[in-house]
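Subject: Structure for you, with notes

Hi,

Here is the structure I promised to pass on. Please open it first, then read the notes below.

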Amino acid sequence: MPTIRLLFALMLGLCVNAAALAQGNRLDDIIARGALRVGTTGDYKPFSYRPGQAADFIGLDIELAGHLAKTLGVKLELVPTTWPTLMKDLGEDRFNIAMGGVSINLDRQKKALFSIPYLRDGKTPITRCENKERFQTLAQIDQPQVRLVVNPGGTNERFARANIKQASITVYPDNVTIFDQIVAGKADLMITDAIETRLQQKLKPQLCALHPDTPFDFSEKAFLMPRDMLWKAFVDQWLHQTMASGAFAPMLEKWLSHNWQ
């Protein structure tokens, strides 16, 4: 009798899961609607950048979004979002997927799904080159006289709050011009993703990325999606094929070498 009940419970669970998948199938909805809605912040080179409200988004993830839409046979709709409102906007179904250098973390994973990762990364400092020996370690950075600047609502602020207890932390709202604060001497450094420090030192010769090959922690970039396994499975397979075919590497190099000025 217990075995029969167990089998019945398993069958019931499978039926419920199948029904949930059928009701929440965003893949079919996207194709039926004829549009892929991609949420992106437009403030994170080389992934997503928008120089003005009337300008087009450009960047690695924007190009990948176009490829994904083409694969689906639908048009691409880019939906502006921000790091502080990213999870709220996703939960309110403002877009089907978030693309733009999103870091995988477990707090986001509690409410959504990530694709397979497409880039390995980690947090590392960037400062004016004359100060590069001063800020090699977290112990050197976490001193009362040090001024750290962060952008709000993302993993940079989370890392700073978790690891910096004595240095001052200033939240600066514009992720596009935040590095000018360091150049101008209004902040000593920022701790951000290694790939961003590599790019910013190219754009601003006054700045030096500190040990980007050996960051303070480990993280990965991926695409953020609602809890829909069918949609995730499609995105994962598309991303896997894009990377395995050799198409991804030249795209990444193209945007790392892009003349952002």
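A salt bridge here means a side-chain nitrogen of Lys or Arg within 4 Å of a carboxyl oxygen of Asp or Glu. Keep in mind that this is a predicted model.

**Salt bridges**

By that rule the count is 17 salt bridges.

Start with arginine 37 and aspartate 93. Their side chains form a salt bridge, 3.4 Å from N to O. Arginine 37 sits in strand 1 (residues 35–40), and aspartate 93 sits in the loop between helix 4 (86–91) and strand 5 (97–103), so the pair ties together parts that are 56 residues apart in sequence. Arginine 37 counts as buried, at 13% relative accessibility. Aspartate 93 is partly exposed, at 36%.

Next, aspartate 107 and arginine 158. This salt bridge has an N to O distance of 2.7 Å. It links distant parts of the chain: aspartate 107 is in helix 5 (residues 106–109), and arginine 158 is in helix 7 (residues 155–163), 51 residues apart. Both ends are partly exposed: aspartate 107 has 35% relative accessibility, and arginine 158 has 43%.

Salt bridges that share partners also join Arg33, Lys75 and Glu77 into one network.

Then there is aspartate 228 with arginine 26. Their side chains meet in a salt bridge at 3.9 Å, N to O. Here too the pair links distant parts of the chain, 202 residues apart. Aspartate 228 lies in the loop between strand 13 (219–225) and helix 10 (229–244). Arginine 26 belongs to helix 2 (residues 26–33). Is aspartate 228 buried or exposed? Aspartate 228 is buried, with a relative accessible area of 2%. Arginine 26 is partly exposed, at 22%.

**The disulfide**

How many disulfides does a search of the whole structure find? The search finds 1. Cysteine 129 and cysteine 208 form a disulfide, with their sulfur atoms 2.1 Å apart. This pair also links distant parts of the chain, 79 residues apart. Cysteine 129 is in the loop between strand 8 (123–128) and helix 6 (138–141). Cysteine 208 is in strand 12 (residues 207–209). The link of cysteine 129 and cysteine 208 is right-handed, with 95° about the S-S bond. Cysteine 129 is partly exposed, at 23% relative accessible area. Cysteine 208 counts as buried, at 15%.

**Proline 80**

Proline 80 is in strand 4 (residues 75–80). Proline 80 is partly exposed, with a relative accessible area of 40%. Which residues does proline 80 contact, leaving aside neighbours within four places in sequence? They are Thr40, Arg50, Phe57 and Arg94. Phenylalanine 95 is 15 residues from proline 80 in sequence and 9.5 Å away in space, C-alpha to C-alpha.

**Pocket and cavities**

The largest pocket has a volume of about 230 Å³. It is lined by 13 residues. Nearest its centre lie Thr41, Gly42, Arg50, Gly52 and Gln53. Arg50 is also one of the contacts of proline 80.

The whole structure has 2 cavities of 30 Å³ or more. The largest cavity has a volume of about 100 Å³. Of the 14 residues that line the largest cavity, Tyr44, Trp83, Asn151, Thr155 and Asn156 are closest to its centre. Strand 5 and helix 7 each supply at least two residues of that lining. By type, the lining of the largest cavity has 2 nonpolar, 7 polar and 5 charged residues.

The second largest cavity has a volume of about 40 Å³. Its lining includes Asp43, Tyr44, Glu196 and Gln200. Strand 2 (43–44) and helix 9 each supply at least two of its lining residues. This lining divides into 4 nonpolar, 2 polar and 3 charged residues.

**Helix 9**

Helix 9 (residues 194–203) is mostly covered, with 7 of its 10 residues buried. Among the buried ones are Glu196 and Gln200. Glu196 and Gln200 also line the second largest cavity.

Best wishes

Definitions and conventions
Residues are numbered from 1 along each chain as its sequence is written. This is a predicted model: local features need pLDDT of at least 70, side-chain atom pairs count only at pLDDT 80 or more; totals for chains, interfaces and linings use all residues. Side-chain values use heavy atoms; hydrogens and water are left out. Helices (H or I, at least four residues) and strands (E, at least two) are DSSP runs, numbered from the N terminus. Buried means under 20% relative accessible area, exposed over 50%, partly exposed in between (1.4 Å probe, protein chains only). Contact means heavy atoms within 4.5 Å. A disulfide is a pair of cysteine sulfur atoms within 2.5 Å. On a 1 Å grid over the protein atoms alone, a cavity is a set of points where a 1.4 Å probe fits but cannot get out, and a pocket is an open set with protein on both sides within 12 Å along at least five of seven lines; lining residues have an atom within 4 Å of a point. Grid points are joined across faces, edges and corners, and a volume is the space filled by probe spheres set on the points. Ala, Val, Leu, Ile, Met, Phe, Trp, Tyr, Cys and Pro count as nonpolar, Asp, Glu, Lys and Arg as charged, and the others, Gly among them, as polar.
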